[in-house]
Structures are given as C-alpha cells and as structure tokens.
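Hello,

Here is the structure you asked about. My notes on it follow below.

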Amino acid sequence: MQEGHPYDLRSRDRAVLDFIRSCDDSSDEMSDSHAELEASGGLATTTIAAMQEKDSPGQSPSTTRAPKNHATASEVEPTPNVQPPQGGFTVQSLQDQASALKRKAWANSTTSTYCTHMKTYLDFCDHISVPPLPATSKTLQLYATYLAKVKCFKFCSIQQYLNIIPHMHKLCDLPDSIPEDYQLKYLLMGIKRELGTAQFPVDSITPSHLLRMRSFLDFSSVEDLGFWCACLIAFYGLLRLGTIAITGPFETSKHVRRVDLMPCSWGYLLCLRHTKTIQFRERELNVILPQVTGEMCPASALQAYLHLTRGADLFGPLLLSGKGSVFTYSIFRQKLHSILIQAGIDDSNIKGHSFRRGGATWLSRIGVPVDQIKAIGYWSSDAVLRYIDPHFSNLLDTMVLFGKSLPNAK
C-alpha cells in the first residue's frame, strides 16, 4: 500500500479511528474478529494497525490541511512530561477528553451495529481490492449488489448497511456523494422491486401462551420466578425485554435496580431511568403493575419474588438468576426458548419483542383506544399501529355490522 493512499486510515482524521476503537470497546464480537481481519491482509490489516496505533507527541494525527496562519496540532501538542497546573489543563488533556466523549456519542448497541456494518464494508472492499474511502459510485453499486445477491439481505437491511458509508466519510472530512448518486438510487429501485419491502415482525405473546408457560415453571426457583416476573412486567408495561433484562455489565445509573420498584396500595410502580428512547436522563418512565385476581397478577408475582430474594442489595439489579447473579437478556432468551418448547409452542418467531407486541395487541382487542395504548407503551408516533395485530373476530363483527347497516338489509 502506498503512503498517503486515500484508504490508508492511518493518514486520515483520527475521528474515524476513535470511532473504530469505540466499536472495539463496546462489542464483544470484535475481539473474535481481530484475528480474522489480520489474517485477511490488505485494508483489514491496515485498519487494525491503525486501531492499535497510539498518538505520539510531536506527530500530527491527521494529514488534513491546517488553516492558514494557524499552527498545526503537532506544533501545539505538549510533551508527555508537561503536567497541567492545578485547576488548569493542557491541549493533550482536552484531546483525550474529546476522544472519550466522542466514544459516548452512540449507545453501545448502536456502536456494535455500526461496527458490524463497517467491518462488512471494509472486508468487501478488501476482497475486490478497491479503496473504500472515498467511495466511488461503482464501488457502492457493487456493494449494494453484493448485499442483495451474495448476502441475501432484505431491502431494509441493505439500506442500513449502506448508511455506515456516509458516517465514515464524514468522520474523515470527506464529501458524501451518496445523496446525489443517481446510478445507486436507480440500482436500489431495482433491488427494491425484486426483493420487495415486506417485513415480517415477531409473533405476539398472548395470555394463553403465558398461562401455558407458567405451568412449566418452578416458583421455588429464583431464576424461574424472576423469568415469570420479567414476562409479566414486559407484557403489562409493553416493554422491550432489553429494558429489564440486562445486556453487558450491570450499571447502577442505567439498569433497573431493586430500589426502583415501589410498593403501592394498588400494586407496584416500576421506575425506569434508561430505555431505548430515554438515554439522556431527560425523563423517567413509570410502569404500572397492578394487583389483580388470577394467575397472571404481576403484583403477586413480584411480591413472591421479593420475598424469595429478601436481603438482596437494594441498589443491585432487580432481577436475579440463581446464586445472586444478574438476570441477563441471554439467560432470558435461553429460558424462553426452553419453556416454549416444553409448552409445545412454536418458538420460531417468538422473541423478546413479542411481549411488547402482545401487550399492545391485547389492549387493542379489549377496546382500549390507540392513544391510550401509545401512552402506556410510551410511543411518540403512530409506530404503535405496526405492533397491533388485528383480531379476526373483531374484523368479522365489524363487517357484519357494516352489512346490516346497508339499505334493505335484514
């Protein structure tokens, strides 16, 4: 590779390297992919070398041209031995803090997704021996075709994988040509027509599913009772399972704690401080878990669970999994798969999101207005309509009423 080649990331803006490092820090999968990248040679090896490269004093982190009459970064960068005065700062300390803040720009899940998309694009460019930055129209067309015909992605996935390329250009202060690339748009129209845009959402969890699952649980087990509580909380609160089942290490400022569950005269109130749509502490989400009669009472399940886990740390995780360990999303998913098989329920399209979809669908079926469903599930748009499955009996009753309303109808 020649020095200064446009896709030699070592000579580009450090922002893209900070982004790649943040992907590496937040994604467990990247640790396994390092060996693959290094073994593949070409651009992948160069990218890994850039990730491992350390900023050294006196060396400019970028080859981008400095404004006239202004010193470059290398000219003002202090030596490592220079200590900031008390209460002061150095350029190096500000640069380090700026890099750390940039790595917090996206949520861990978003960064992990972007990491996968970036690796796929870099591997493709390395395979066909073309520079990824700046991306040419021909490269983009070949990549879109590769995603459609070789990877066999859905059209919506192809769009998402293409979205990482503008990010890479902007991080390197390169112009993004995708919006004006008519040939790419023309190709995507053909891909869209061939593949279609139909999406297949997960199946809804129904009350009958929950009752059948319940019969296979051992409520003397912390893990089983915690699993049942998670199911009811997600179903009643129309929640994403990732909100209450932890992914990654437990963080007191982010994840649901035992102290966040408040007993009330009518049941329990669960306060959520961090969700997919609440990431900047701008508000709190309150989930009502009422005391009702029957086997699907969330308050009774929580009361039994709190008694079984009495003595646990109030500022620790709400849900535990045997021997005081954290109840993770991975544990929930494995448990859900096992229980569904035991209950004789087809689990091929039932996922963690099925509880949010199932709760919304059930509320609609019993006649709750859409505006109220939006309020319970904290939807800010009409996206809630995609979660509600129309029930055949309701549609049949409506059409019978429609027929009876016609002139001369009997």
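**Notes on the model**

At 55% relative accessibility, D173 is over the 50% cut-off and therefore counts as exposed. Its place is the loop between α9 (164–171) and α10 (182–195). The phi of D173 is near 55 degrees, a positive value in a residue that is not glycine. For context, most residues other than glycine have a negative phi, and most peptide bonds are trans.

Please keep in mind that this is a predicted model. The protein chain has 410 residues, of which 38% count as buried. Its secondary structure comes to 17 helices and 5 strands. Among contacts in the chain with a separation of 6 or more, 63% are between residues 24 or more positions apart.

**The loop between α6 and α7**

S129 is in the loop between α6 and α7, and its phi is also positive, near 60 degrees, in a residue other than glycine. Because its relative accessibility is 63%, S129 counts as exposed. P134 sits in the loop between α6 and α7 too, with α7 covering residues 137–149. The peptide bond that joins L133 and P134 is cis, with omega at about -10 degrees.

**H117 in α6**

H117 belongs to helix α6, residues 108–128. Is this histidine buried or exposed? H117 has a relative accessible area of 6%, under the 20% cut-off, so it is buried. Leaving out residues up to four places away in sequence, H117 touches Y143, Q160, Y161 and I164. With Q160 there is also a polar contact: the side chain of H117 reaches the backbone oxygen of Q160 at 3.4 Å.

- S215 is in the loop between α11 (207–214) and α12. Its relative accessibility is 55%, so S215 counts as exposed. A polar atom of the S215 side chain lies 2.7 Å from the backbone oxygen of R212. The C-alpha atoms of S215 and A343 are separated by 8.2 Å, although the two residues are 128 residues apart along the chain.
- R257 is in the loop between α12 and β1 (261–264). With a relative accessible area of 16%, R257 is under the 20% cut-off and therefore buried. Apart from its neighbours within four places in sequence, R257 is in contact with F250, T252, R273, L314, F315, G316, P317 and L318.

**The packing of α12 and α15**

Two packed helices are described by the angle between their axes and the distance between the axes. Here the helices are α12, residues 222–237, and α15, residues 354–365; their axes come within 7 Å and cross at roughly 50 degrees. The crossing of α12 and α15 is right-handed.

Which residues make the contact? From α12 they are C231, A234 and F235, and from α15 they are F355, R356, G358, G359 and W362. By type, the residues of this contact divide into 5 nonpolar, 2 polar and 1 charged.

Regards

Terms used:
Residues are numbered from 1 along each chain as its sequence is written. This is a predicted model: local features need pLDDT of at least 70, side-chain atom pairs count only at pLDDT 80 or more; totals for chains, interfaces and linings use all residues. Side-chain values use heavy atoms; hydrogens and water are left out. Axes are lines fitted to C-alpha atoms, for helices over the stretch in contact, and angles run from 0 to 180 degrees between N-to-C directions. Helices (H or I, at least four residues) and strands (E, at least two) are DSSP runs, numbered from the N terminus. A crossing is left-handed if the near helix is turned anticlockwise from the far one by less than a right angle, and right-handed if clockwise. Contact means heavy atoms within 4.5 Å. Ala, Val, Leu, Ile, Met, Phe, Trp, Tyr, Cys and Pro count as nonpolar, Asp, Glu, Lys and Arg as charged, and the others, Gly among them, as polar. Buried means under 20% relative accessible area, exposed over 50%, partly exposed in between (1.4 Å probe, protein chains only). A polar contact is a pair of N or O atoms within 3.5 Å; within protein, one must be able to donate a hydrogen and the other to accept it, and residues adjacent in sequence count only if both atoms are side-chain atoms.
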